[in-house]
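Hi there,

Here is the structure I promised to pass on to you. Have a look at it first, and then read on for what turned up.

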Amino acid sequence: MDYCTQLASQWMLEEVKKSRVNNLVVSPVSLNVVLNMVAAGLKGRTLEYVLDFLGSENINQINLESSKMMAVAADVGSSDNGGPVLAMVNGAWADQKFPLKPLYEEKVLKGIFNCEAKTVDFATQAEKVRDEVNAWAEAISRGLIRNFLEPGSPSPGTALFLANGLYFKGTWKRNYGFDVKRTEKRDFYLLNGENVSVSFMTSDNMYSYGSFDGFTVLRIPYKKGKRKRYFSMYFFLPNERDGLQDLLEKLIISNPEMYFSLSEVKLDEFWIPKFKFANTFDVSEAMRDMGTTLSFTKNPEDLSECYTLLRVPNSLTRK
């Protein structure tokens with residue numbers, strides 16, 4: 001399992017242990033893109049440290065992988081191609097006291113990540129920057145993400161704020177859609193032991209399905225477009241009502257790809273709850289929980305690939 005997927009899984013596990021009753025969502029791809037943007041501006045020991053936990057050999061490998069990710073998103077494109085709508089956008093806001101190097105801004109941020117960096121004043125106009133970032137997030141998500149940053153974030157001491165937006169909208173492959181008339185209320189069991197009545201969907205078809213140690217996996221494909229890019233949604237369901245923690249622990253220590261080899265079967269019955277999710281995810285806090293921290297004050301010279309340093313930045317914020 002790559003570092004960002006493990007980071008996302010570990011964060012979800014910690015949230016589950018707290019018996020949270022809200023739905024959780026996190027994008028390992030977005031984490032990877034943002035951390036890659038950070039890594040591309042480093043050198044020395046700090047770069048070596050980041051390369052180690054990203055599992056990359058050198059910065060050229062990171063830049064190549066980042067270019068491929070951006071190319072896939074651009075290749076899928078819009079609904080004109082007949083398949084899913086996929087958009088990946090990146091944003092950068094740099095404090096005026098810490099000017100970015102033109103090479104980093106043009107070759108890395110703009111050239112690789114298609115990201116325009118804006119110069120702002122975090123020290124005296126943090127609230128204005130927050131409103132700007134929130135407007136950016138709402139626009140790139142087609143209005144789905146609102147109030148991306150809460151009051152007080154980013155802090156006045158922020159030197160550079162990096163953000164990634166990932167938008168996906170797809171329709172199920174033919175014959176895999178759900179019949180609205182068959183939607184019905186059923187019990188959904190929460191982590192705290194309580195249950196609520198929610199709408200469940202069902203359908204009749206051959207599905208990719210697998211049964212594993214303590215859980216089952218179901219795959220539902222999306223309609224593919226002219227680009228022939230394949231996307232699917234995977235559902236992991238623990239056998240026990242309180243088995244979510246055990247399921248996440250198994251996914252963290254194993255290779256998730258082993259659960260993608262499924263068989264086509266006709267299910268006698270299956271029900272999927274209709275759901276929505278929205279939550280914040282603190283990358284720095286999750287990294288600390290895994291015993292990984294990024295400090296830019298011990299070796300400030302390692303930031304010289306992205307900054308024309310005037311003084312040591314207090315923080316680099318990542319979302």
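Which residues of the largest nonpolar core touch the most other members? Please keep in mind that this is a predicted model. The residues in question are Y3, M37, L54, L100, Y104, L109 and Y307, in a core of 46 residues. Several elements give two or more residues to this core: α1, α2, α3, α4, β1, α5, β3 and α8. The largest share, 7 residues, comes from α2 (28-39).

Leaving aside residues up to four places away in sequence, L54 touches Y3, C4, L35, N36, A39 and I62. As background, nonpolar side chains tend to be buried together in soluble globular proteins.

Next, a sheet to find on your screen. Three strands form an open sheet in the order β4-β5-β10, and their pairing is antiparallel. Why is one side of β4 and of β10 left without a neighbour in the sheet? Both β4 (184-189) and β10 (272-273) stand at the edges and have a single partner strand each, so one side of each has no neighbour there. Between β5 (residues 195-201) and β10 the antiparallel pairing runs over 2 bridges, and F200 stands opposite P273 in β10.

Y230 counts as exposed because its relative accessibility is 64%, with the cut-off for exposed being over 50%. Y230 and G83 are 147 residues apart in sequence, yet their C-alpha atoms are 9.1 Å apart in space.

Enjoy exploring!

Definitions and conventions
Residues are numbered from 1 along each chain as its sequence is written. This is a predicted model: local features need pLDDT of at least 70, side-chain atom pairs count only at pLDDT 80 or more; totals for chains, interfaces and linings use all residues. Side-chain values use heavy atoms; hydrogens and water are left out. Two strands pair if DSSP finds at least two bridges between them. Helices (H or I, at least four residues) and strands (E, at least two) are DSSP runs, numbered from the N terminus. Buried means under 20% relative accessible area, exposed over 50%, partly exposed in between (1.4 Å probe, protein chains only). A nonpolar core is a set of buried Ala, Val, Leu, Ile, Met, Phe, Trp, Tyr and Cys residues joined through side-chain atoms within 4.5 Å. Contact means heavy atoms within 4.5 Å.
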